[in-house]
Structure formats: C-alpha cells, structure tokens
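Q: Hi! Could you walk me through this model? I'd like to begin with the core.

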Amino acid sequence: MENNYTYTQESQQKKGSIIGGFIGALVGAAIGAVLWAVVGMLGYIASIVGFVIAFLADKGYDLLKGRQGVIKMIVLIICVVLAVAAGTVGTYVWTIHNEYNEQLAALTDFEKKYYEIATEAEFMQELLSDSEVQGEMIKDGGMGLVFGIMGSIGLISAAKKKQTQPAAPVADVTTAEEAANDNQDAAV
C-alpha cells in the first residue's frame, strides 16, 4: 500500500506546467511588488509584505497548476527576489520624483529663469548613484528578501507536509441491502 502511495505522490509531482506556474507566480509576485511600493511610498518598510509577496506568488503558481516539488521553491524564490527588487526600485523612484517636484516648486521665478535646473532624469540618476541612497535601497530590499524567502520556504514546507500525509483510510461502508444479503447468506 505504501509503495502505491509513493508512486502516486511522485506522479502528482510530475504533473503541472513549470511555465504556467512561473507565469502565475510572476503575476502574484507583481501584485505583491505593487503593494511593497505603495507601503514604501507611504514611508514604511514592512517586512510582512515580503511574506505577502511569497503568499501571492505561491497562490499564483498553484492557480495556474504549476509543477510541485523543488522546482516550485526555485520559481517562488526567483519571483520573490524580482518582486522585492521591483517594489524597492519603485518606492525609490517615486520618492525621488516627489523630492524633485518639491524642490522645483520651492524655486523662485528668478531661480527658475537664471539657474540651470537639472531635469528630473538627471536628478534621479544623481540620487540613485549616491552611495548612501544605494545603501538604503540594499538594506530595505534585503529585509524584504529575507522575509519573502522565509515565507516561500514556509509555504513550501507546509505544502510538503500536507502532501506527505497519507490519505485517511476509507471505511468499508455496506448498504442496508448488502448487509441483508450477507445475513441471508450466513443463515443458509
């Protein structure tokens, strides 16, 4: 009986589409990346969003019937890394955009007319190349990655435990008619 169960489990892991699962995980992670950027734009870095990214990537992977097993963990981790990076960059680009507009609004008409003013792209490039800003981006993104990867591993572990539990035995249920027939056979 156990051999049959192991065979069934292995055959279930081979079912599913890696590409479909990857697309689903990418869509889920992209939704999480937007959430990460929005939370960041509000001025917070919430590590719980890393878990949410992993959760959404996992749901997307399963929704599009991705192949289970080690490949799922690899796909989820890749998607979490991409989502946290995209969300962190999105947060900083938005923050720099707002800073540029605030500084531009603070200039007098004289300053706007007679001083060379950097374009928004130049301003953004200058700030993003600043080592202090890069350090903050790495710190914020790293924190999200740690929690996102922990979330991915936790979700995979929970799914594996669920898969490896043998199915509950099915009770041998006999109908009333079958029981009556058995009783008649026993009486004869």
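**The core and one buried aspartate**

A: Happy to. This is a predicted model. Its largest nonpolar core has 17 residues, and Ala25, Ala29, Ile53 and Leu76 touch the most other members.

Q: Which helices each supply at least two residues of this core?

A: Those are α2 (18-41), α3 and α4 (70-106). The most comes from α4, which gives six residues.

Q: And what does Ile53 touch, not counting residues up to four places away in sequence?

A: Ile53 touches Ala29, Gly32, Ala33, Trp36, Val80, Ala83 and Val84.

Q: Now to Asp58. Where is the place of Asp58?

A: Asp58 sits in helix α3, which covers residues 48-63.

Q: Is Asp58 buried or exposed, and why?

A: Asp58 counts as buried because its relative accessible area is 5%, and the cut-off for buried is under 20%.

Q: Which side chain makes a polar contact with the side chain of Asp58?

A: That of Lys72, at 2.8 Å. Leaving aside neighbours within four places in sequence, Asp58 is in contact with Leu76 and Leu155 as well as Lys72.

Q: Let's zoom out. How many helices and strands does the protein have?

A: Eight helices and zero strands.

Q: How much of the protein counts as buried?

A: Of its 188 residues, 25%. The protein exposes about 12500 Å², with carbon and sulfur atoms supplying 64% of that area.

Q: And what about contacts between residues at least 6 apart in sequence?

A: Among those, 76% join residues at least 24 apart.

Definitions and conventions
Residues are numbered from 1 along each chain as its sequence is written. This is a predicted model: local features need pLDDT of at least 70, side-chain atom pairs count only at pLDDT 80 or more; totals for chains, interfaces and linings use all residues. Side-chain values use heavy atoms; hydrogens and water are left out. Helices (H or I, at least four residues) and strands (E, at least two) are DSSP runs, numbered from the N terminus. Buried means under 20% relative accessible area, exposed over 50%, partly exposed in between (1.4 Å probe, protein chains only). A polar contact is a pair of N or O atoms within 3.5 Å; within protein, one must be able to donate a hydrogen and the other to accept it, and residues adjacent in sequence count only if both atoms are side-chain atoms. Contact means heavy atoms within 4.5 Å. A nonpolar core is a set of buried Ala, Val, Leu, Ile, Met, Phe, Trp, Tyr and Cys residues joined through side-chain atoms within 4.5 Å. Accessible areas come from the Shrake-Rupley method with a 1.4 Å probe; for residues, only the protein chains shown count as cover.
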